[in-house]
Amino acid sequence: MTVQGLFSARANALAQAYEMPRIAVVGRGFSGMMMAIALMKTVRTPFHLQLFDPNSSVSGGQALASGHSSEILNSRVRDLSVAAGDPDDFNDWLCSNATFRSAVPAAIPGFLQIFVPKSIFSDYVYQRFSQALSSRRDITVQVSGEAVISVHRSHGDRFVVESAGAANPPFDTVVLATGYGIADHEPQSGQPVVTPTTVRARRLVSRPHTVLLGSGLRVVDRLLQMRDNGYNGQITIISRHGFLPQSHTRSNADPVFPAEAMPGSLSEIVRFIRQACENAEANGQSWQSVMNGLRKHARSLWRSLPAGQKQQFNRHLRALYDSHRNRLPEALYVRLKQELAEGNTLSRRGQFLRRTPTGLMLKPAGEQGLEQIYADEVIDCRCQEPDLDTPLMRSLIDAGLAIPDELGLGLAVEAAGALSVDGRTTEGFFAIGPLGLGSLPDIDLVPEIVTQAYAAAEGVAARFYPQCKAV
């Protein structure tokens, strides 16, 4: 499907005199839609934009994916604007929405501090995309419902994007916006079958039992949705480390952080941050304020750590860090704590091995034996991990266009999303959002994705500007 603006006489003359630059964005989740908005707002010369995604409709990717309209985003409205230089844009959009405004009268005249359902934010993003497109009569946008299987260089500095459908003309710029990528959580069929040495659990009662895999926001979303829909059975949350999301403060937690220089080693940094949280609470502030302030230092800290300490953080501290940065609105946190306190929901640490006809096999943390968990349903609520062995990712790495980051969490990127290979950027090639998580801490959060998308669009604009300046 192609959407083409009504070219003005000048734009049409430009398009005829010069071949219109072609941009491919792979993925139409939040990162892809945000990149499209940033391009239309930033690149002021005509171009053709092609969005690739096998999904038939625009989704929010994992950031916005929701089977239920009531699922709540974990960021306040004040942090969710998609407009560069206008942090109040989402709030203004909500204020102009009569239906929403009447449903949340207590927040009038503004909604900056509240949390809203993912579906509301998704509507806002899509409307801003539509408005950006309608204001650009000098560009065309094509949506391709095909999976991209490889990208490689053509002659010169252009790129060939191969998909399952018809051949595509070369592109001047390619942007990967595939979120976390696609990975299968189940053990691969080629791996040996694990035979349990012990079977300790026995189903003694007929009460329904559901297991939720994961420890993040999606687990809490699913848990509370099940309860809201009347499920009264036992629920067990299983995760490797057992760290569930912490709580936001009731009101705004302005960022604070110590002014003194940060220590150099990971262990000293952890002690430094813990002490900063204790000091903040002693002074009537909150540890959440310190964590908000830490985000401003996260990238410089990450760059300063040697590879071994980064790997140590990833193994032992990332789950704890994520539970404190990806926080729940206070009301949802209170419900979670009540569930756990009453015993209706259990949280268990251990390694999920495989599903069985009657539930799953678990290796409990700190134990040698295995345990058969009996359950009527096992629901995987974990975020997909990047998979660098997909045909697309392998094509990039084999062609020398990209390399894995040093932790293997995704691709090595620079701050503006440019792919980095041995310290050199791949001209005209970007990876936006969670694919860069091993290089850029917190790049899976909405504010960071927005900032990165506009920075990448500025790079695209600078690349295109010389060829159109003379006209």
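User: What should I know before I start reading?

Analyst: The model is predicted, so local features need pLDDT of at least 70 and side-chain atom pairs count only at pLDDT 80 or more, while totals for chains, interfaces and linings use all residues. Residues are numbered from 1 along each chain as its sequence is written, and side-chain values use heavy atoms, with hydrogens and water left out.

User: How is a pocket found, and how much space lies in the second largest pocket?

Analyst: Rolling a probe the size of a water molecule over the atoms shows where empty space is left. Here a pocket is an open set of points on a 1 Å grid over the protein atoms alone, where a 1.4 Å probe fits, with protein on both sides within 12 Å along at least five of seven lines. A volume is the space filled by probe spheres set on the points. The second largest pocket holds about 580 Å³.

User: Which residues lie nearest the centre of the second largest pocket?

Analyst: They are Ile273, Met291, Leu294, Phe313 and Tyr321, out of 25 lining residues. A lining residue has an atom within 4 Å of a point. The lining divides into 18 nonpolar, 1 polar and 6 charged residues. Nonpolar covers Ala, Val, Leu, Ile, Met, Phe, Trp, Tyr, Cys and Pro; charged covers Asp, Glu, Lys and Arg; the others, Gly among them, are polar.

User: Which element gives the largest share of the lining of the second largest pocket?

Analyst: Helix α8 does, with 8 residues. Helices are DSSP runs (H or I, at least four residues), strands likewise (E, at least two), numbered from the N terminus.

User: Why does the second largest pocket lie where it does?

Analyst: Domain 1 (13-181 + 385-464) and domain 3 (266-324) both give residues to its lining, so the pocket lies between them. The domain bounds come from an automatic or database domain assignment.

User: Now α8. How many residues has it, and how far does it reach?

Analyst: Helix α8 has 17 residues and spans 24 Å from its first C-alpha to its last, close to the expected 24 Å. The expected span is 1.5 Å times one less than the number of residues.

User: Which residues of α8 are buried?

Analyst: Buried means under 20% relative accessible area, exposed over 50%, and partly exposed in between (1.4 Å probe, protein chains only). The buried residues of α8 are Leu266, Ile269, Phe272, Ile273, Ala276, Cys277 and Ala280. Seen down the axis of α8, they fall within an arc of 135°, so they line one face of the helix. That arc is taken over directions from the helix axis to the C-beta atoms. On the other side of α8, Arg271, Arg274 and Ala282 are exposed.

User: Is Leu305 buried or exposed?

Analyst: Leu305 is buried, at 8% relative accessible area. This residue sits in the loop between α10 and α11 (307-316). Leu305 and Leu266 are 39 residues apart in sequence, yet 7.3 Å apart in space, C-alpha to C-alpha.

User: What is the phi of Asp442, and is Asp442 buried or exposed?

Analyst: Asp442 has a positive phi of about 70°. Asp442 lies in the loop between β15 and α15 (446-469). At 2% relative accessibility, Asp442 is buried.
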